[in-house]
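Please open the structure in your viewer and keep the selection tool at hand. The stops of this tour are given in the order in which they may be selected.

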Amino acid sequence: MDDKSESRSRSFPQRIAVIGGGLSGLATAYYLKRFLPDAIVKLCESSSRLGGVIDTERIETDHHGCFVIDHGADMFATEPPAAIELCRDLGVADQLIVPDTTRAGAMIVHRGKLVPIPDGFVLMRATKLWQMVTTPLLSVPGKLRFLAERFVNRQLSADDGTDDISVAEFVRHRMGAEVLDRLVGPLVAGIYTADIEKLSMRATMAPMVAMVEKHGSLAQATLARRRENKDRTERNSAGARYEKFRGFPDGMKQLIDTLAAALGEQSIQTETPINALHFSDDRARPWEIQSDQGAESFDEVVLATPAAVSARLLSTVTGQAVQTACEIAAEALSTIESASTAIVVLCVPKSQIARLPNQFGFVVPQIENRKILAVSFASHKYPIRCPDDHTIIRVFVGGALQPELLEQSDDEIVEMVRGELADLIGMTGTETLARVVRWNNAMPQYHVGHLKRVESIQRAMDQIPNLHLVSNALGGVGIAPVIAAGKAMARKISGAS
Ligand SMILES: Cc1cc2nc3c(=O)[nH]c(=O)nc-3n(C[C@H](O)[C@H](O)[C@H](O)COP(=O)(O)OP(=O)(O)OC[C@H]3O[C@@H](n4cnc5c(N)ncnc54)[C@H](O)[C@@H]3O)c2cc1C
């Protein structure tokens, strides 16, 4: 098979299909149009709406006013800068809002009560030691074990020689089981809705690995960063560095709508599930994509569907020249698991919550044996999206460790969540509005060895001419890395520098 970087004679105008209208597909299509203004870019989405796991609902009520509810992501990181750059490119950067930092901070459930995350603690590092020493989250032996982290050997590989370990192994080894169970575990698991015993350290916490590799321990790395005045933001945050995040006043769907408008109706085809791909080197346009509406030929095809769908599409490819590489890529891709979650959104009168925390939310350690993973007070982050006398609460349920909870009906899930909130924040009565948003197999799981898996997928994809893959299952699940990957792919296809 020719290397795909070898040029093939191109028909004009170039026709490029992007399959999947989530953020990966939209960002790729947008930058393809920018880098190749003469190309015909066609985005095919199976459902009736764009955005994939990103959606926002605006609900006007007769008696209470308007609620703006994000069904999925509600903010994005400004680092890497790809998301904020895209907003600038789209001309909407001035509309972005910063979460209301007066209520920034997060808590952890500890023996049934909410306890603040120690000030300055970010994921795995304590930038303010005194706060760790005085936190009620840890016992005295737990704190002493944490303080011993600087004396622990590096150990960044598994016993079997694999050049990766799980987040749980890393933290247990460096800081002890208590820090893992009570602090780091719930924080990291909350981000990835993952089992941290399986989550890859190198794929999800690369900066921490780099710090240990360079300085020997996280404590030494933190001291060095302090001398270089690098941890200013971290020292002022508990949990996440909220000033480094942005949202849209009308919810994350604003980003999707803006991207769709920039692409233009002629480039977008919804309700078009693609079910097979065919390759033929003899044709001027070598790729044919097949939907119920028929087949269409393209010069280049980008798969921007969830990993399992991309794997299935790759396994449908016919065309002797590429079939083996497609099968290898499909097989490797299908080993990346994904977890399901439900977000239960409750809009509740403040008068019905006895102990409403003045923080953005809380996470729930597995050892607390509760039926929720995390809670986010969305209206604390964005007060303009909710009537003053109400609170919007988003509760995460399920994930890699409690998938069985999602087998319940929506009503049962809401009832279960009400019970947990009654216990934890003193919520009484019923809410003004409730939504159960189910995201099935929507969170790719970056298990130990993930980077190797991605390498083998890329190697196989590199053998397939003019077929490309962008996916949140490969190089980052967040909005910013997803956009960065889409832009990089558009640059590669267009040859833009
Ligand atoms: C509950 C939740 C909360 C999150 N919160 C945050 C957050 O706060 N901040 C953050 O940065 N990130 C967050 N993320 C992550 C981020 O939103 C996602 O990683 C990103 O939006 C994924 O985009 P995608 O296009 O890769 O995938 P998807 O959104 O899954 O899009 C794939 C698209 O492909 C379509 N499709 C499927 N099959 C076919 C087919 N055969 N033919 C055509 N189209 C097809 C689907 O309908 C879908 O539209 C969150 C994710 C989830 C699930």
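Begin with valine 18, whose bridge partner in β15 is valine 302. These two residues belong to strands β1 (residues 15–19) and β15 (residues 300–303), which run parallel and are joined by four bridges. Strands here are DSSP runs of E with at least two residues, helices are runs of H or I with at least four, and both are numbered from the N terminus. Two strands are said to pair if DSSP finds at least two bridges between them.

The model is a predicted one, in which local features need pLDDT of at least 70 and side-chain atom pairs count only at pLDDT 80 or more, while totals for chains, interfaces and linings use all residues. Residues are numbered from 1 along each chain as its sequence is written.

**The parallel sheet**

Next, select the five strands of the open sheet, which follow the order β11-β2-β1-β15-β21 with parallel pairing. β11 (268–269) and β21 (467–469) stand at the edges with a single partner strand each, so one side of each has no neighbour in the sheet.

**The domains**

Colour the chain by its domain assignment: domain 1 (15–52 + 252–336 + 447–494), domain 2 (56–103 + 338–444) and domain 3 (118–237). Such bounds come from an automatic or database domain assignment. The centres of domain 1 and domain 2, taken over C-alpha atoms, are separated by 30 Å. Their contact takes 20 residues from domain 1 and 18 residues from domain 2; two residues are in contact if their C-beta atoms, placed from the backbone, lie within 7 Å. On the side of domain 1 that touches domain 2, α17 supplies the largest share, six residues.

**The ligand**

Now select the ligand and its surroundings. Which residues come nearest to the ligand? Of the 36 residues around the ligand, these are Gly20, Gly22, Ser24, Gly52 and Ala73. A residue counts as near a molecule or strand if its C-beta atom, placed from the backbone, lies within 6 Å of it. Two or more residues of this shell come from each of α1 (23–35), β16 (338–349), β20 (433–444) and α17 (479–494). Domain 1 and domain 2 both give residues to the shell, so the ligand lies between them.

**Strand β16**

Select β16, in which nine of the 12 residues are buried. A residue is buried if 20 or more other C-beta atoms lie within 10 Å of its own, exposed if 12 or fewer, and partly exposed in between, with C-beta atoms placed from the backbone. β16 pairs with β20 in the antiparallel sense over nine bridges, and serine 338 has proline 444 in β20 as its bridge partner. β16 also pairs in the antiparallel sense with strand β19 (residues 390–398), over nine bridges. There, threonine 341 stands opposite glycine 398.

**Phenylalanine 76**

Move to phenylalanine 76 in strand β5 (residues 76–77). Is phenylalanine 76 buried or exposed? Phenylalanine 76 is buried, because 26 other C-beta atoms lie within 10 Å. Leaving aside residues up to four places away in sequence, phenylalanine 76 touches Ala83, Phe245, Arg246, Gly478, Ile479 and Ala480.

**Confidence**

Finally, colour by pLDDT, the predictor's confidence in each residue, from 0 to 100. The chain averages 93, and 95% of the residues score at least 70. Over residues 1–7, pLDDT stays under 50. Where pLDDT is low, the predicted coordinates should not be read in detail.
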